Amino acid sequence: MNNPAELQYTKEHEWVRLDGEIVRVGLTDFAQDALGDVVYVSLPETGGEISAGDSCGEVESTKSVSDVYAPVSGTVVARNEVLEDQPDLINADPYGAGWLFDIQLDGVLTGLLTADEYGNHTANL
């Protein structure tokens, strides 16, 4: 599986890219592969407050429906509206065009995994 070293990860299979105080969130390559063909995405509303660890969206595939968990606390400042019409971008480009939403960070990043730690975590699943 592809786990870019510049990203951080959650045990729930979200990736995090920090750019100043903005955190971009998406599903990992491992998650999209396990889900299969993604057919629908429900994302948090822009302007909404979310708390780390809370469910804030869903991804539906041909196999199942999975929750998306907030990796950090803050305010949702952007969502990938393209996914409404093209949810399969999560499968095609999970670390690029398939991103989910951006959060204005409220605090610091804690409890996230490095690419190596995430790789070790997924190897045991």
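Three residues make up the hairpin that joins E6 to E7. Helices (H or I, at least four residues) and strands (E, at least two) are DSSP runs, numbered from the N terminus. The model is predicted, so to speak of local features pLDDT must be at least 70, side-chain atom pairs count only at pLDDT 80 or more, and totals for chains, interfaces and linings use all residues. Residues are numbered from 1 along each chain as its sequence is written, and side-chain values use heavy atoms, with hydrogens and water left out.

Strands of a sheet pair through backbone hydrogen bonds, either parallel or antiparallel. Here, two strands are taken to pair if DSSP finds at least two bridges between them. E6 (residues 55-61) is joined to E4 (residues 38-42) by four bridges, and the two run antiparallel; within this pair, Tyr40 faces Glu60 of E6. With E7 (residues 65-69), E6 forms five bridges, again in the antiparallel sense, and Gly57 has Val68 in E7 as its bridge partner.

An open sheet is built from six strands, with antiparallel pairing, in the order E1-E2-E3-E9-E8-E5. E1 and E5 (49-50) stand at its edges with a single partner strand each, so one side of each has no neighbour in the sheet. E1 and E2 run antiparallel and are joined by two bridges, and Tyr9 stands opposite Trp15 in E2.

The loop between E1 (8-9) and E2 (14-19) holds Thr10. Thr10 counts as buried because its relative accessibility is 5%, where buried means under 20% relative accessible area, exposed over 50%, and partly exposed in between (1.4 Å probe, protein chains only). Leaving aside residues up to four places away in sequence, Thr10 touches Pro71, Leu112, Leu113 and Tyr118, a contact being heavy atoms within 4.5 Å.
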